[in-house]
Structure formats: C-alpha cells, structure tokens
Amino acid sequence: MITRKRLASGVCVLFAALAAGIAVPAGAVADETTATAPKVNLVLDVSGSMRARDIDGQSRMAAAKQAFNEVLDATPEEVLLGIRTLGANYPGDDQKRGCKDTAQLYPVGPLDRTEAKTAVATLTPTGWTPIGPALLKAADDLDGGTGSKRIVLISDGEDTCAPLDPCEVAREIAARGIGLTIDTLGLVPNAKMRQQLSCIAEATGGSYTSVEHTEELADKVNQLVDRAADPVVTPVATEGAEACAKAPVLKSGLYTDRVEFGQQRWYRVDVEPGRELRASVSVAADRAVAPSYGVLLRAVTVHGREIVRGEAAGDGRTDVISTGLRYPKADDDEAPTEGVCLQVTHSFAAASGVETTPGLPLELTVDVVDGPGDSDDVASFGLGRGWWLLGALILTGFVAGLLWGWLSRWRVAVWRTN
C-alpha cells in the first residue's frame with residue numbers, strides 16, 4: 001500500500017513538473033506570436049451628422065453598426081483588432097472639449113467578438129469630428145510589435161478641429177517610420193471630405209474609398225482587415241554615405257533612410273556577371289514643400305562613370321515621387337564582380353518656416369536577378385532582340401524598293417512601245 005501511494009505521488013509530481021515545463025515555453029510562444037501579429041484599429045466617426053438617414057433607408061450610424069458586426073464575425077483569428085471612436089461622448093458646443101472627444105471603445109488585442117459587438121451597439125451619434133486627434137491616438141494604440149499596422153478611418157464629414165490639419169497629422173505619423181498605413185472610407189459623396197480623406201490615405205500609402213451602401217462598407221472594411229493579415233516586407237533601416245567610396249553595401253531587399261534637402265545619398269550593390277540590377281526609390285514629402293520637385297536615381301561605377309539613370313519630376317501637390325532603373329551586366333566568366341554605386345538626390349524645397357531636419361523619408365528597393373539569357377540582349381543600344389525586327393523591316397523595304405523600281409521601268413517601256 002505504501003509503495004502504491006509513493007508511486008502515485010511520484011506520478012503526480014512528474015505530471016506537475018511536465019506541466020510547469022510546458023507552460024513557460026507556451027507563454028513565451030504566445031508573447032512572440034502577439035508581438036509579430038498584424039494589428040488593425042477601426043476608427044469610427046460618431047459625430048452628430050451620423051444621424052442622417054441616407055444609406056439604404058437607415059441612418060449612417062445604423063449602417064456602420066451593421067457593417068461592423070459583419071466585419072467582427074469575419075476578422076481572421078491572427079489579427080489583433082481594436083475600435084476607436086471620435087465624437088461619441090461630448091454633446092456640447094465647446095470646441096476645445098469637443099476636439100478631445102476620442103476614446104478607445106475596444107482595445108487592440110485578441111478579438112472577443114461578443115464583447116466588441118456589445119460595445120459597438122452602445123454608440124449614439126453625439127458630437128464633433130476630431131479626425132486629427134483621433135488619428136494621433138489611434139497610432140499610439142498600435143505602438144509596439146513588428147507586425148503590420150493599419151488604421152481604417154470611417155467618416156461622413158470633414159474634421160471640425162482646425163487648425164490641427166488631419167493631412168499633416170497623417171504625414172507626421174508616416175514620418176515616425178513605424179510602417180503604419182491609414183485607409184479611409186467616406187460615407188457620403190462630398191468633394192471637400194473626399195479631398196481630405198484622400199490626402200490622409202495618400203500620406204501613408206493607404207487608399208480612399210467612397211461608399212454609399214451598407215454592403216459596400218462591410219465588404220471594403222473586411223478587405224482592408226484581411227489585407228492587414230497578408231505577409232509584409234518590413235524595410236531595413238540603413239544610412240547612405242556622402243560619397244560612393246564610403247557607401248554601405250546592400251543586398252537584394254527593401255531599405256529605408258532619410259535624405260536632407262540638397263543632399264546626395266550613396267549606396268553600393270555588387271553585381272556579378274550575367275546578373276541584372278533593378279533598383280527603385282521613392283521619396284515622401286512628409287511636410288509642406290514647394291510645388292516643383294524631382295528625384296534622381298543614378299547607377300555609376302566606383303570610378304564615377306554613369307551607367308544608367310532614372311528620374312522623375314512634377315509640379316503641384318504630391319506626397320510621394322518615385323523612379324527606377326535597370327542595369328544588366330554581360331555574362332563573362334572572366335569578368336570580376338562589379339561594384340555599382342547608387343546615388344539618390346531630390347529637388348524638393350521646404351516651404352517657408354518649415355523645419356528641414358530630419359530629412360525626407362526615402363524607400364529604396366534593390367533586386368539583383370538573373371540577367372538576359374544571351375549576351376547579345378545586354379547592349380544592342382537598348383533594342384535587344386528588336387534588332388531582328390529592325391533588320392527585317394530594312395530588308396523588306398529594300399526588296400519592295402527594287403520591285404517598285406522594276407515595275408516602274410517596265411510600265412514606262414511599255415508606254416513608249418505603244
């Protein structure tokens with residue numbers, strides 16, 4: 001009997017030890033999964049204008065609630081989702097208080113669908129439209145973690161909390177370099193609202209969509225939430241040099257840096273024979289700039305000889321300007337690997353009174369891939385296999401000319417005979 005009791009005690013201790021041993025790694029795995037999980041913060045306008053009944057015979061607020069319930073049911077398990085409101089709590093006329101009216105209705109985290117739906121059901125159209133303050137708070141809600149971050153803003157009107165411009169707020173968020181995207185949805189066809197919401201989205205690489213039906217709203221929000229769950233490539237921070245000789249060596253990948261006004265940034269890529277370098281750069285205007293602008297991307301040898309360039313320029317309002325280039329290196333077994341330096345410059349000019357530091361954010365994509373199959377395709381003055389077509393056209397023209405000349409002489413001879 002004593003032996004059996006000791007055996008039973010030993011088994012219990014063994015199971016307890018195993019349980020304890022398994023519990024710690026499981027917690028660690030859960031923390032790691034949460035840190036890399038995609039995050040979405042739904043920001044809903046609950047201002048007084050949401051009472052209007054012009055969406056499928058019901059109020060804008062009722063349509064938003066119905067769409068939210070469908071979205072909550074369809075949200076992927078791996079997405080950490082939160083809900084923030086603006087204009088939901090203060091009904092008064094004090095603009096200072098109304099412009100602080102934003103609150104986290106449901107915290108960003110693992111989704112309890114019942115709890116989230118219950119929270120949404122309590123919302124009543126109330127006050128102001130503080131879009132700018134709400135975006136700043138929504139960005140803070142998503143702080144931390146390495147997964148993708150997305151804000152989905154749903155509104156039916158313009159911000160009522162000037163001079164805090166929501167577009168400038170979006171640029172400020174983009175300048176943080178945290179990889180946060182803001183998508184905007186407009187519930188009514190309003191030109192000023194469309195311009196403002198489009199500017200917010202473009203500043204962070206997001207999208208603007210106008211929706212006028214409940215089903216469209218649910219479908220679009222679902223699409224954006226699903227997109228957050230897609231794998232994303234996080235740019236690697238790098239620091240370009242002031243000269244080619246000191247440039248950091250980059251491999252294929254996506255990189256982020258900042259370039260000052262009037263400054264050149266240099267990067268180096270090693271290109272083996274038979275390989276092709278493809279590079280592109282985007283420079284974002286995250287602050288007020290002059291209307292004329294341009295960006296230049298040059299590929300040069302380590303000795304300074306230009307190989308190829310890509311450039312873009314424009315006038316007027318912009319948030320991002322991009323250009324790219326391609327350089328195929330001939331396949332020669334005896335040729336050494338070539339160091340190619342990439343130079344990035346831009347001609348943005350800061351508007352009066354605007355800070356010039358830090359520099360404008362740039363994103364550089366580098367890709368070294370297998371080059372053309374035949375070395376003849378590499379040069380050919382940019383025509384590649386087009387030389388065959390050009391040769392065929394020349395030969396056809398020559399033969400056609402001979403035939404036309406012979407026929408003309410024959411007709412003249414016949415005419416003279418007659």
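Ground rule before anything else: I call two strands paired if DSSP finds at least two bridges between them. Helices (H or I, at least four residues) and strands (E, at least two) are DSSP runs, numbered from the N terminus. I am reading a predicted model, where local features need pLDDT of at least 70 and side-chain atom pairs count only at pLDDT 80 or more, while totals for chains, interfaces and linings use all residues. Residues are numbered from 1 along each chain as its sequence is written, and side-chain values use heavy atoms, with hydrogens and water left out.

**Entry 1: the overview**

I find nine helices and 15 strands in the protein. Of its 418 residues, 40% count as buried; buried means under 20% relative accessible area, exposed over 50%, and partly exposed in between (1.4 Å probe, protein chains only). For contacts I use heavy atoms within 4.5 Å. Taking contacts with a separation of 6 or more, I see that 75% are between residues 24 or more positions apart.

**Entry 2: strand β5**

How many of the residues of β5 are buried? I went through residues 180–186, and seven of the seven are. Leu-180, Ile-182, Thr-184 and Gly-186 point one way, and Thr-181, Asp-183 and Leu-185 point the other way. In a regular strand the side chains alternate between the two faces of the sheet.

Next I checked the neighbours of β5. Strand β4 (residues 149–155) pairs with β5 in the parallel sense, over seven bridges. Strand β6 (residues 208–210) and β5 are also parallel, with three bridges. Thr-184 turns up in both: it is the bridge partner of Leu-153, and it stands opposite Tyr-208 in β6.

Then I followed the chain between these strands. β4, helix α6 (residues 166–175) and β5 form a right-handed β-α-β unit. "Right-handed" here says that, with the strands pointing away from the viewer, the path from the first strand over the helix to the second runs clockwise. β5, helix α7 (residues 191–203) and β6 make a right-handed unit too.

**Entry 3: the aromatic pair**

I looked for aromatic pairs and got one. The cut-offs: rings of Phe, Tyr and Trp (its six-membered ring) pair if their centres lie within 6.5 Å, and planes under 30 degrees apart count as stacked, over 60 as edge-to-face and the rest as tilted. Tyr-293 sits in strand β11 (residues 292–301) and Phe-348 in the loop between β14 (338–346) and β15 (360–370), 55 residues apart. I noted both residues as buried.

**Entry 4: Cys-244**

I found Cys-244 in the loop between β7 (236–237) and β8 (253–259). Cys-244 is buried, at 16% relative accessible area. Leaving out residues up to four places away in sequence, it touches Trp-266, Thr-301, Val-302 and Cys-341. I also checked Gly-304: 60 residues from Cys-244 in sequence, 8.2 Å in space, C-alpha to C-alpha.

**Entry 5: Thr-75**

Is Thr-75 buried or exposed? Its relative accessibility is 4%, and Thr-75 counts as buried. I place it in the loop between α2 (60–74) and β2 (80–86). Beyond residues up to four places away in sequence, Thr-75 touches Leu-81, Leu-111, Arg-113 and Val-225.
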